[in-house]
Amino acid sequence: MELSQKIMITLCCLVISCFPLYCEGSKILLFPLDVGYNSKLMNMLKLGRMLTKAKHQVTCVISDRMREDALFKLAERETFDSSFKVISYKTPPVDPDVMQLNTENQGFLDAMINKDVPEIVQFFSPTLTEPLDYMLQDKTIAQLATEEFDLIFADEIVFFPRIMAAKRNIPIILYSNFGPLTADTDIVPRYSLAFVNGCFNRFSDMMTFSQRMENVWEYLRMRWVMSDIYSESEVICRKHGYGESCDNIRGIHKTVNLVLMNRNDVIHYPAPYMPHIISLEGFFLDKPKPLNSPYKEIVQKSGKHGIIVVSFGSMFRRLGLKHRNIFAKAFSAMPQTVIWSYEGETPEGLGENTFVNKWIPQTDLLANPAVQLFVTQCGASSLFEALNYGVPVVCIPFIGDQEYNCLKLVERVKSAKNVPLKGITSRQLQSTMEEVINNITYRENAKKAALIYHDQPIDPRKKSLYWIEYVIRHKGAPHLRSAGESQLSFFQYYLLDIASLVGVVVFAAVISIAFVMKAAIKGLLRTTKSKED
Ligand SMILES: *[C@@H]1O[C@H](CO)[C@@H](O)[C@H](O)[C@H]1NC(C)=O
């Protein structure tokens, strides 16, 4: 064989062996919610990076404001631009005190604490509808809507991708960071409010009469709030000339291919789901790395008492005067070393044992055997981290899904105690931390849950990738969704038509029997009377 032939053959082999990789490169459009840098955005970007790693071309749409966000830059700068083709849309400049959720303002914080979830969603509704207007005005986005994509992968509450999916007939997958509790209650339907949470609330799957009533009431309010948001978005959409595609904002539950939800059986109560609704089982958990300086030294120095990791999520790193002082005082009274993800003015009474920094290696610290306790707001990510590493928890829920998550650990896993933020005192927080650390039951329950959690048939990351690629391979997955269900009217769905028919028949039967009996009795009376005569 000549050399040139050999080279040709080698080249051919190379091309063939590389080919499948290039063929798998589908074009995916990623739409995270970019209102604040929090776990919703972080987890969506993690899913996006996983797709990039699997050789897909991922285009990520994000506001220019978020790209300039300090925390976003700090946490994502290493991989964001290299992982995605980034398209940012213009947003008008804003007064940072108005738009930025100023959690350092005690008044704002107190107002948030007193709101329930439908009220919170209503409060934040401009952050859902306004970006739609900005996106539809943006030329880059208009250009994007003319490009070909194999898949749209969007946060459950971002509306533009729904319009684009309808307009271009592109399969769409939604991501729900709050597990089964999507804001739109039709996206993950709550079959039977008798034992399924309709909204984020404090109830288990065994509800008393009054709890069930509250469950139904919150569910209905959530639907009304979402319906208003949809109406507003439809007006914006039609204003920009997207016509019929605007119907898919509200009708997304009839066209979505998959809903990937951040959920796991160990934490969440069992509930019925359709086959297109997939639990992601904590896909986002990072592999822990060895600790770097100065954390390595801090942990070493903590000695036999160990450490307490404190984090209230990226949203509540800054705290109002009252709360930061209460927390600092409680932490200072503990024998453990406390590592607190905190930013802002130094709290009064911050203990010698308390180390604060705005960004701590939370995962690596929680994986460390020195950790005695995790004090957290119990956001979606903290919930899974606590489960994964089997650490006991003291939760101090702030808003939204946090109290709901917290009660899963308190009542279902039994590895945590809850300290409500309303009326919290240093003394109360301190004694709760002491109890959870000193009573071995909490740690044992956490370890037990971690073992069950780790016993999974497929790695959560592989599971997520499999399902996303499944939709790409088959160009959608409408066969997983019940078309019959989505066509039913309210009366048909609750079988009220059949119940009415049964009611009418039974009523008619009763009336006829009564009529016949009356006639019979009358006849009988008449014959006896005539005999007597
Ligand atoms: C430890 O906590 C469990 C659960 O709250 C409780 O039942 C048990 O009595 C506690 N044990 C001690 C020694 O306090």
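1. A residue is called buried when its relative accessible area is under 20%, exposed when it is over 50%, and partly exposed in between. L488 has a relative accessible area of 41%, so L488 is partly exposed. The model discussed in this note is a predicted one.

2. L488 is found in the loop that lies between α23 (483–487) and α24 (490–493). Together with F490, F491, Y493 and Y494, L488 makes a nonpolar surface patch of about 560 Å².

3. The open sheet consists of 7 strands in the order β3-β2-β1-β4-β5-β6-β7, and the pairing is parallel. The edges are formed by β3 (85–89) and β7 (277–279); each has a single partner strand, so one side of each is left without a neighbour in the sheet. On average, neighbouring strands of this sheet are turned by 20 degrees against each other, direction ignored.

4. Two of the pairings may be described further. Strand β2 (residues 57–63) runs parallel to β3 and is joined to β3 by 5 bridges. The bridge partner of S63 in β3 is Y89. Helix α11 (residues 160–168) packs on the sheet, where α11 touches β1 (27–31), β4 (151–155) and β5 (172–176). The direction of α11 makes about 160 degrees with that of β4.

5. Strand β1 is mostly covered, with 4 of its 5 residues buried. Between β1 and β2, which run parallel, there are 4 bridges. Within this pairing, L30 stands opposite C60 in β2.

6. Helix α18 (residues 380–389) is mostly covered, and 10 of its 10 residues are buried. After α18 comes G390, which has a positive phi near 60 degrees.

7. The count of salt bridges comes to 20. One of the pairs is D265 with R263, whose closest N and O atoms are 3.0 Å apart. The two partners may be set side by side: D265 is partly exposed, with a relative accessible area of 48%, whereas R263 is buried at 4%.

8. A further salt bridge is formed by the side chains of R318 and E343, at 3.3 Å from N to O. This pair links distant parts of the chain, 25 residues apart: R318 is in the loop between β8 (307–311) and α16 (321–332), and E343 is in the loop between β9 (337–341) and β10 (354–357). R318 is partly exposed, with a relative accessible area of 30%. E343 has a relative accessibility of 18% and therefore counts as buried.

9. The side chains of E345 and R324 also meet in a salt bridge, at 3.8 Å from N to O. E345 lies in the loop between β9 and β10, while R324 lies in helix α16, so the pair ties together parts that are 21 residues apart in sequence. E345 is exposed, with a relative accessible area of 53%, whereas R324 is buried, with a relative accessible area of 6%.

Terms used: Residues numbered from 1 in each chain as written. Predicted model: local features only at pLDDT ≥ 70, side-chain atom pairs only at ≥ 80, totals over all residues. Heavy atoms only, no water. Pairing = 2+ DSSP bridges. Helix = DSSP H or I, 4+ residues; strand = E, 2+ residues; numbered from the N terminus. Axes fitted to C-alpha atoms, helices over the stretch in contact; angles between N-to-C directions. Contact = heavy atoms within 4.5 Å. Patch = residues over 30% accessible without salt bridge, like charges linked within 9 Å, V, L, I, M, F, W, Y side chains within 5 Å. Areas by Shrake-Rupley, 256 points an atom, 1.4 Å probe, with all protein chains shown as cover. Salt bridge = Lys/Arg side-chain N within 4 Å of Asp/Glu carboxyl O. Buried < 20%, exposed > 50% of the residue type's maximum accessible area, 1.4 Å probe, protein only.
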